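Subject: Handover of a structural model

Dear colleague,

Please find below the model that I am passing on to you. My findings follow it, arranged by topic.

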Amino acid sequence: APSHKNPKVFGESLAAATAILAAFSTPALSASAAVSFAIPAFDSRDASVREAAHKLVVALCAAVGPALLQSPLLADVREVTRKQLAADAAKLSGAPAPPAASRFFKHSASCGGGGAPDGGGGGGGHGGGGAAVDELIPRVDLLRDKVRADTIAKLRSGAWKERKEALDVVAAALSDSPRLGP
């Protein structure tokens, strides 16, 4: 839809994505896919397309949380647009938690594998927000420089003392990274 000549088609596809997000919550629409779909719309010359993209990102921010605004996925968005998104997200911060998903997939875990929800909703709160926030964090290989090939070979060793030494090296490397837990 972003390459479609008629901006109305692109705007309506953004509105459909917003409706899908409202009905199914984040398990139906991944955060990175939705943001990458909305970013080209911020540069559109049609105001309705820009507004629809803005609504999609704000709805995603309501579902995922304010971590979306600091995500590297939004690095390509202009500063003015980012400030507008932050202002609208601040309005949402005082609002109650978004409602649980009103529709479910047939074989999803939140509806118990049947065709109807089990009355509990999507687990409450932000629905699938934990996985969506995890998707926004860039992946970095912290252990590449700290754990060498000989340490990996020791982990595969048959002698338990060598495996213990290798595990101590890995544990020390993990304790040096404050964002990781054992």
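Along the sequence, the protein chain runs in the pattern α-α-α-α-α-α-α. The secondary structure therefore amounts to seven helices and zero strands. Please bear in mind that this is a predicted model. The protein chain has 182 residues, of which 29% count as buried. Among the contacts in the chain with a separation of 6 or more, 63% are accounted for by residues 24 or more positions apart.

Helix α1 against helix α3

Two packed helices are described by the angle between their axes and the distance between the axes. Helix α1 covers residues 7-24 and helix α3 covers residues 47-64; the two pack at an angle of about 15°, and their axes are 8 Å apart. An angle under 35 degrees counts as roughly parallel, and α1 is therefore roughly parallel to α3. The crossing in which α1 passes α3 is left-handed. On the α1 side, the contact is made by P7, F10, G11, L14, A17, T18 and L21. On the α3 side, V49, A52, A53, K55, L56, A59 and L60 take part. By class, the residues of this contact comprise 11 nonpolar, two polar and one charged.

K8 also belongs to helix α1. Its relative accessibility is 54%, so K8 counts as exposed. K8 and S48 are separated by 40 residues in sequence, while their C-alpha atoms are 7.9 Å apart in space.

Helix α2 against helix α3

How is α2 oriented relative to α3? The axes of these two helices come within 9 Å and cross at roughly 160°. Since an angle over 145 degrees counts as roughly antiparallel, α2 is roughly antiparallel to α3. This crossing, of α2 and α3, is left-handed. From α2, the residues A31, A34, V35, F37 and A38 meet A53, L56, V57, L60 and V64 of α3. The contact of α2 with α3 consists of 10 nonpolar residues, with no polar and no charged ones.

The aromatic pair

A pair of aromatic rings is described by the distance of the centres and the angle of the planes. The structure holds one such pair. The ring centres of F10 and F37 lie 5.6 Å apart and the ring planes stand at 80°; planes over 60 degrees apart count as edge-to-face, so this pair is edge-to-face. The pair links distant parts of the chain, with F10 in helix α1 and F37 in helix α2 (residues 31-38), 27 residues apart.

F37, with a relative accessible area of 23%, is partly exposed.

S71 is located in the loop between α3 and α4 (79-93). Buried means under 20% relative accessible area, and at 6% relative accessibility S71 counts as buried. S71 and S32 are 39 residues apart in sequence, and the distance between their C-alpha atoms is 9.6 Å.

Q84 is placed in helix α4. Its relative accessibility of 43% is the reason why Q84 counts as partly exposed. Along the chain, Q84 and V58 are 26 residues apart, and their C-alpha atoms are separated by 9.8 Å.

T151 lies in helix α6, which spans residues 149-155. With a relative accessible area of 8%, T151 is buried. Which residues does T151 touch, not counting residues up to four places away in sequence? They are A166, V169 and V170.

With kind regards

How values were computed: Residues are numbered from 1 along each chain as its sequence is written. This is a predicted model: local features need pLDDT of at least 70, side-chain atom pairs count only at pLDDT 80 or more; totals for chains, interfaces and linings use all residues. Side-chain values use heavy atoms; hydrogens and water are left out. Axes are lines fitted to C-alpha atoms, for helices over the stretch in contact, and angles run from 0 to 180 degrees between N-to-C directions. Helices (H or I, at least four residues) and strands (E, at least two) are DSSP runs, numbered from the N terminus. Angles under 35 degrees count as roughly parallel, over 145 as roughly antiparallel, 65 to 115 as roughly perpendicular and the rest as oblique. A crossing is left-handed if the near helix is turned anticlockwise from the far one by less than a right angle, and right-handed if clockwise. Contact means heavy atoms within 4.5 Å. Ala, Val, Leu, Ile, Met, Phe, Trp, Tyr, Cys and Pro count as nonpolar, Asp, Glu, Lys and Arg as charged, and the others, Gly among them, as polar. Buried means under 20% relative accessible area, exposed over 50%, partly exposed in between (1.4 Å probe, protein chains only). Rings of Phe, Tyr and Trp (its six-membered ring) pair if their centres lie within 6.5 Å; planes under 30 degrees apart count as stacked, over 60 as edge-to-face and the rest as tilted.
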